[in-house]
Each structure stands twice: as C-alpha cells, then as structure tokens.
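Please open the structure in your viewer, with the side chains ready to be shown, and follow the stops below one at a time.

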Amino acid sequence: MTNDKLLKTIQAAKLGRRTSLTLGDNKIKELPAEIGELASLMDLDMSRNELETLPSEINNLKKLKRLGLNHQNFTSFPVAICSLKKLGELYLRGNKLTEVPPEIGNLKNLTGLNLRGNRITHLPKEITQLKHLKLLFLDGNPLVEPPLE
C-alpha cells in the first residue's frame with residue numbers, strides 16, 4: 001500500500017468515525033502520525049506488515065481496546081502502546097522482540113497478550129500487575145525464568 005493510499009484510508013476512517021480498521025497484509029513499513037487522529041478507533045489490526053516502530057501519536061487512540069501487530073519487524077517493544085489505558089487485547093506474535101518493558105504494568109485492562117514466537121528471555125515483574133490478564137501466550141520464546149513476584 002502506498003503512503004498516499006494509506007493516508008487516504010486513514011482520512012476516510014476519520015471522517016466516517018470508524019471504530020475498527022484492518023490494514024493487514026499491505027507491506028506497510030511506516031505508520032503515519034495521522035493514525036493518531038482516529039479518536040473513535042477501538043480495534044486496529046496491522047498484522048503482517050513490515051513495521052519496525054510506531055509513531056508516538058498512537059498514544060492518542062484513547063478508546064483502543066484491541067491492537068494487532070502480529071508478524072512485523074519489531075526488535076524492541078513499542079513502549080508507546082503502554083499508555084493505552086483501555087487496551088484489552090495486544091497481539092505481538094512473530095516479531096523479533098527480546099524484552100517486555102516494565103511499562104507493560106500500565107495496561108491494567110489487558111485481558112489477552114500474545115507474545116508467541118519472539119526472542120524474549122525474561123518477563124518484567126510488572127507483568128504480575130495485570131490482574132485482568134486471562135490469556136498469556138509465550139510459546140516460541142527462549143524464556144529463562146518466570147517473572148518475580
């Protein structure tokens with residue numbers, strides 16, 4: 001998907017006050033800052049693209065409940081998403097993540113976290129603060145030890 005087409009898609013979603021947007025399988029390498037203008041968005045699926053980072057404007061998606069970032073090119077956890085207080089489901093399967101930041105503990109409403117198939121060796125103790133977490137997928141990671149209590 002070209003950058004122009006992506007911007008037009010985001011603009012149309014903004015005008016239509018879309019609550020869900022699926023942009024998977026489009027070879028997107030960079031998400032434009034305009035993504036932060038989708039104030040009504042509750043579900044964003046960007047799976048199977050080529051993202052390495054997220055713009056800081058992702059923080060503006062205050063209503064976001066589900067974020068799909070499976071099969072990207074992330075080598076570090078996109079910490080910006082840890083400020084999305086309403087986020088309930090986070091999918092980061094099949095990236096190249098080596099660690100999960102302590103800020104994960106800020107996602108108090110998280111019920112599902114998929115980190116399958118990454119390179120994570122340790123989990124931060126803050127993951128134990130996720131009291132609503134019901135599903136945690138970690139298989140396919142070279143975990144050394146569980147998080148501390």
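Begin by selecting Pro 101, which sits in the loop between β4 and β5. This is a predicted model, and in it Pro 101 has a relative accessible area of 9%, so this residue counts as buried, the limit for that class being under 20%.

Next, turn to the salt bridges, of which a search of the whole structure finds 6. Select Asp 25 and Arg 48, whose side chains meet in one of these salt bridges at 3.0 Å, N to O. Asp 25 lies in the loop between β1 (20-22) and β2 (43-45) and Arg 48 in the loop between β2 and β3, so the pair ties together parts that are 23 residues apart in sequence. Arg 48 is partly exposed, with 41% relative accessibility.

Then select Glu 50 and Lys 29, whose side chains also form a salt bridge, at 3.0 Å from N to O. Because Glu 50 lies in the loop between β2 and β3 and Lys 29 in the loop between β1 and β2, this pair ties together parts that are 21 residues apart in sequence. Which of the two partners is exposed and which is partly exposed? Lys 29 is exposed at 60% relative accessibility, whereas Glu 50 is partly exposed at 25%.

Move on to Asp 139 and Arg 116, where the side chains meet in a salt bridge of 2.8 Å, N to O. This pair links distant parts of the chain, with Asp 139 in the segment after β6 (135-137) and Arg 116 in the loop between β5 and β6, 23 residues apart. Asp 139 is partly exposed, at 46% relative accessibility. Selecting Asp 43, Arg 66 and Glu 89 together shows one network, joined by salt bridges that share partners.

For the last stop, return to Arg 116 and select Asn 114, whose side chain reaches the backbone nitrogen of Arg 116 at 3.0 Å. Asn 114 lies in strand β5 (residues 112-114) and is buried, at 7% relative accessibility.

Conventions:
Residues are numbered from 1 along each chain as its sequence is written. This is a predicted model: local features need pLDDT of at least 70, side-chain atom pairs count only at pLDDT 80 or more; totals for chains, interfaces and linings use all residues. Side-chain values use heavy atoms; hydrogens and water are left out. Helices (H or I, at least four residues) and strands (E, at least two) are DSSP runs, numbered from the N terminus. Buried means under 20% relative accessible area, exposed over 50%, partly exposed in between (1.4 Å probe, protein chains only). A polar contact is a pair of N or O atoms within 3.5 Å; within protein, one must be able to donate a hydrogen and the other to accept it, and residues adjacent in sequence count only if both atoms are side-chain atoms. A salt bridge is a side-chain nitrogen of Lys or Arg within 4 Å of a carboxyl oxygen of Asp or Glu.
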